[in-house]
Amino acid sequence: MSQLASAIDIGQVHFKNKMIKGAMSEALANHAGQPNHLHLGLYEAWAKGGLGCAITGNVMVDFRAKNEPGVVVIETERDLEPLKQWAAIGKKHGMVQLVQLSHPGRQCPKGLNKETVAPSAVPFSPALAMSFGTPRALREDEILDIIQRFATSAAICEKAGFEGVQLHGAHGYLISQFLSPLTNKRQDQWGGSAENRMRFLLEIYKAVRAATSDQFIISVKLNSADFQRGGISEEDVIATFKAIDAAGIDLIEISGGSYEAPAMAGVKQEKRKASTIAREAYFLEFAEKIREQVQCKLMVTGGFRTAAGMNAALASGACDFIGMARPFAVEPDVTNRLIAGQDVRYAVDKIKTGISMIDKMAIMEVIWYAAQFKDIAEGKQPNPKLSPLKVFFNYLKGNVKAVIKGQVNSRKSA
């Protein structure tokens, strides 16, 4: 029996295998941020494919802070019934579901929200400044409000029947903005020292834990590195992992990068050593190092493409779960195939439009897959050869409509 096929428990929650679908943006919600039948169709397709656990795409905790059009927002019990239906999909097929709770902070396209906020008013690099505006620094009362929003959203997720949540602390979103000295220039208790910079994450964890039951899983996605000069040091990263582990976190997913340095999309892969490439996973070496420092379960996502590579990683003890994302967009049943010893059929390469400015942003690594999700959700077959340029222009058209609609609604509510 393969390592991947073996069951594992976190507390009272049973995982039938060790394959977890990492979070990917579905972009299927309406303008109000409500889940719908498309989410049900998409997650049922993955569940039928043998998946042990699915982590949802970004779910925002504040409607005023959306990272993109089509994102789900959970602020109140307004959508409790469709959320219950979504959670029931997993239970029907024995698939654990964790809701990824997130606040984008500064990573919001210009015009999508009324304003963007962050730990500090740090602008984006010149390459992205045209798309992302300079944020406003958060006041302390706003920081406390956001912490409570994570707790409220988590409590609603548990009431709906989900087995847990994942706090998005990676990829340049708000929690990781607090963690990084590049984006956190504060001089109060929320910035400066590593201890102060990790306070936001720890306070969110404490609030979520207090708002949910003991059997509810709380996980977190953390960067192993920013991959930017002057970013968070390895020493501070390890200190953060140890602190959240000591606080009682159940599971840590190891990732890396941000919009400005998108290592999570494989951009840094060509710079890795040959020995690392042979082992597939981008962050496995860091997992081996951190494994000696923490007691909680670990998940490594990024780069896995063969059954042998996944089983070897699990057998080594470096991680307890295998995370994989992009292949699920073109092979919904890939879990069953991997457990049977077969490899990923479509080794999807970087998605490029051929327009340099767009391709440098790695935005296609999100929206191309979202287009595939919509087809799967509607019962269609995904298309590995879907034109990236066509997808981009459709996305651009949708973004313009969303911005216009948002501006109209803002004027009406003013």
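Modeller: Gladly! Keep in mind that this is a predicted model. Let's begin with a pair of residues in neighbouring strands: in β12, Ser255 is the bridge partner of Asn223.

Colleague: How many bridges join strand β11 and β12, and in which sense do they pair?

Modeller: Strand β11, residues 217–223, runs parallel to β12, and the pairing covers 5 bridges. β12 also pairs in the parallel sense with strand β13 (residues 297–301), this time over 4 bridges. There, Leu251 has Lys297 of β13 as its bridge partner.

Colleague: Is strand β12 enclosed or open to the outside?

Modeller: To judge that, look at how much of each residue is accessible; under 20% relative accessible area counts as buried. In strand β12 (residues 251–255), 5 of the 5 residues are buried, so the strand is largely enclosed by the rest of the structure. Leu251, Glu253 and Ser255 point one way, while Ile252 and Ile254 point the other way, and all are buried.

Colleague: What about a residue in strand β11, such as Ser219: buried or exposed?

Modeller: Ser219, which lies in strand β11, is buried, with a relative accessibility of 1%. It also shows how the chain comes back to itself: Ser219 and Val165 are 54 residues apart along the chain, and their C-alpha atoms are separated by 6.2 Å.

Colleague: How do I look for empty space inside?

Modeller: Rolling a probe the size of a water molecule over the atoms shows where empty space is left. In this structure, the search finds 2 cavities of 30 Å³ or more. The second largest cavity has a volume of about 90 Å³.

Colleague: Which residues line the second largest cavity?

Modeller: Its lining has 11 residues, and Gly169, Leu179, Asn223, Ile232 and Val237 lie nearest the centre. At least two lining residues each come from α4 (174–179), β11 and α7 (234–247), with α7 giving the largest share, 3 residues.

Colleague: Now for charges. How should I read a salt bridge?

Modeller: Look at the two partners and where they sit in the chain. The whole structure has 25 salt bridges. In one of them, Glu75 meets Arg149, with the closest N and O atoms 2.9 Å apart. Glu75 is in the loop between β6 (72–73) and α2 (80–93), and Arg149 is in helix α3 (residues 140–160), so the pair ties together parts that are 74 residues apart in sequence.

Colleague: Are Glu75 and Arg149 buried or partly exposed?

Modeller: Glu75 is partly exposed at 31% relative accessible area, whereas Arg149 is buried at 19%. Another salt bridge joins Glu77 and Lys159, whose closest N and O atoms are 3.1 Å apart. Glu77 lies in the loop between β6 and α2 and Lys159 in helix α3, so this pair ties together parts that are 82 residues apart in sequence.

Colleague: Which residues make the nonpolar surface patch?

Modeller: Met130, Ile355, Met357, Leu389, Phe393 and Leu396 make the patch, which covers about 570 Å². Helix α14 (residues 388–413) gives the most, with 3 residues. Leu389 is found in that helix, α14, and is partly exposed, with a relative accessible area of 33%.

Technical notes
Residues are numbered from 1 along each chain as its sequence is written. This is a predicted model: local features need pLDDT of at least 70, side-chain atom pairs count only at pLDDT 80 or more; totals for chains, interfaces and linings use all residues. Side-chain values use heavy atoms; hydrogens and water are left out. Patches are made of residues with over 30% relative accessible area and no salt bridge: like charges are joined within 9 Å, nonpolar side chains (Val, Leu, Ile, Met, Phe, Trp, Tyr) within 5 Å. Accessible areas come from the Shrake-Rupley method with a 1.4 Å probe; for residues, only the protein chains shown count as cover. A salt bridge is a side-chain nitrogen of Lys or Arg within 4 Å of a carboxyl oxygen of Asp or Glu. Buried means under 20% relative accessible area, exposed over 50%, partly exposed in between (1.4 Å probe, protein chains only). Two strands pair if DSSP finds at least two bridges between them. On a 1 Å grid over the protein atoms alone, a cavity is a set of points where a 1.4 Å probe fits but cannot get out, and a pocket is an open set with protein on both sides within 12 Å along at least five of seven lines; lining residues have an atom within 4 Å of a point. Grid points are joined across faces, edges and corners, and a volume is the space filled by probe spheres set on the points.
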